[in-house]
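Please look over the model before reading on.

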Amino acid sequence: MTTEPFDSCTSFSVTGLPTLAYDHLQDPDEAHRAIADARRRAPIAIGPHGPEVLSYELVRRVLRDPRFSTAAGLGLDVQGITSGPLWDRATQNILGLDGAEHHRLRRLVSHAFAPRGAERLRELIVGTIDSLVEPLTRVGHCDIVADLVRGYPTPIICALLGAPPQDWQLFSAWTDEITKLFDWNLANDGPAVLAAWQDLDAYLADMVEQRRHNLSDDLISDLIRAEDGCDRLTHGELLMLAAALLVAGTDTTRNQLAAAVHALCDHPEQWALLARRPELAPNAVQEVMRYYPVVLATMRRAVEDVNLDGVVIPAGTLVIANTAAANRDPAIYADPHRLDITRDGQPAILTFGGGVHYCLGSHLARIELAEALRIIAQRMPDPRRRAPARWHAMSGITGPAELAIEFTPGH
Ligand code: HEM
């Protein structure tokens, strides 16, 4: 594994732009204050890894402009990795592909990720969240992270893929390791990430082999069937996509659920409103993902010099599309720092990204979150936090690391 650090932003410096740092921030409110402060001064700031665009309009533009490619290798070069087995895996990941290669993959898999596929998991989703919430309603207190969200999305992703339910903890352990890719500490975590990824690939290779002889209605079967004219997914692409789902769809969803509970807990009137009007659940998902997104940003690299509102971004510069900033842009959202699950008729939030890499799992994530919030709001009334919540670092995938709450039992 090569560990020559890639200098992502030395070539980029513009005097007068605000700076942003995240290391010292303890929670999302601090992060949003820092971001809002910077955005008041300019729509572009200098962050730890390069320029960060902060206005809704610029973030959307960067995500859709073909002059910005995705950060090849999921940005591992910024962490000093530019070759070796981890780099090879990361560069083959759908998130790190661009142009015709990426377009071909999206064409082949779009059918498998259509809303219909997510919808057929709704019953399992409701059953899973119900069985996690039920024992907690008897005691009236819990740690949302340890007692609830940890056990939530992996069984559903297993079912989506078609893996046996009893294997979900295996998947969960592999995912915990592999998602360390995004923790900016690969000098330490690299070997464990690679080992987990290899184990996962071996498991998935077995599964794909079995499915080829026995197609069913799961996603692996849909991906095996997927074809566009004479084109089909290769064996390597099937493994990559299955692993991408776990990595992209587990930690994101569980942290987003914990973050949503945190936000609603601090706004008990919104929690009570959702309990009274469960039909607001999809709207509540939209609003909590705007208010406390657990992915604050997504990365792109300029493929040529690009002028963004008078600031020239030189070719090769890593650009951070700060979607969290965009979601609270006062030019787009009235009173953006207010949580209001009845908000309506506004431009789409950017927490699922935008443009050609828009999240493939957004339908599933929305159903998972909406059903969970609907049930939690109804069965855990009058919530109060028992202690200040501790949050993961604001870079990478964030969310509460602990969230102790109490509520009225017996519902
Ligand atoms: C709350 C939960 C989730 C959040 C916040 C989230 C967020 C994101 C973001 C920000 C991107 C990158 C978009 C870009 O760079 O433009 C992405 C891509 C992706 N997501 Fe999600 N995601 C979530 C859930 C899921 C789930 C449940 C799955 C799968 C079942 C999934 C699968 C994917 C895949 C495969 C991609 C890559 C798409 C591509 O590169 O073409 N995500 N997601």
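The points below cover salt bridges, then the iron site, then the cysteines.

This is a predicted model, in which local features need pLDDT of at least 70, side-chain atom pairs count only at pLDDT 80 or more, and totals for chains, interfaces and linings use all residues. Residues are numbered from 1 along each chain as its sequence is written, and side-chain values use heavy atoms, with hydrogens and water left out.

**Salt bridges**

- The whole structure contains 31 salt bridges. The term means a side-chain nitrogen of Lys or Arg within 4 Å of a carboxyl oxygen of Asp or Glu.
- E119, R122, E371 and R374 are joined in a salt-bridge network.

**The pair in helix α2**

- E57 pairs with R61 in a salt bridge, with the closest N and O atoms 3.1 Å apart.
- Both residues sit in helix α2 (residues 56-64), four residues apart, so about one helical turn separates them. Helices here are DSSP runs (H or I, at least four residues), numbered from the N terminus.
- E57 is partly exposed, at 45% relative accessibility. R61 is also partly exposed, at 30%. The classes are buried, under 20% relative accessible area; exposed, over 50%; and partly exposed, in between (1.4 Å probe, protein chains only).

**The pair in helix α15**

- E287 forms a salt bridge with R290, and their closest N and O atoms lie 2.9 Å apart.
- The two are three residues apart in helix α15 (residues 281-291), so they too are separated by about one helical turn.
- E287 is buried, at 3% relative accessibility. R290 is buried as well, at 1%.

**The D340 and R338 pair**

- D340 and R338 form a salt bridge, with 3.2 Å between the closest N and O atoms.
- D340 counts as buried at 13% relative accessibility, whereas R338 counts as partly exposed at 37%.

**Iron site**

- The ligand's iron atom has a single protein donor, C359 (SG), at 2.3 Å. Donors are N, O and S atoms within 2.8 Å of the metal (3.2 Å for Na, K and Ca); water is not among the atoms, so sites may look incomplete.
- C359 lies in the loop between α16 (323-327) and α17 (362-379).
- C359 is partly exposed, with a relative accessible area of 27%.

**Cysteines**

- The structure has zero disulfides. The test is a pair of cysteine sulfur atoms within 2.5 Å.
- C230 is exposed, with a relative accessible area of 82%.
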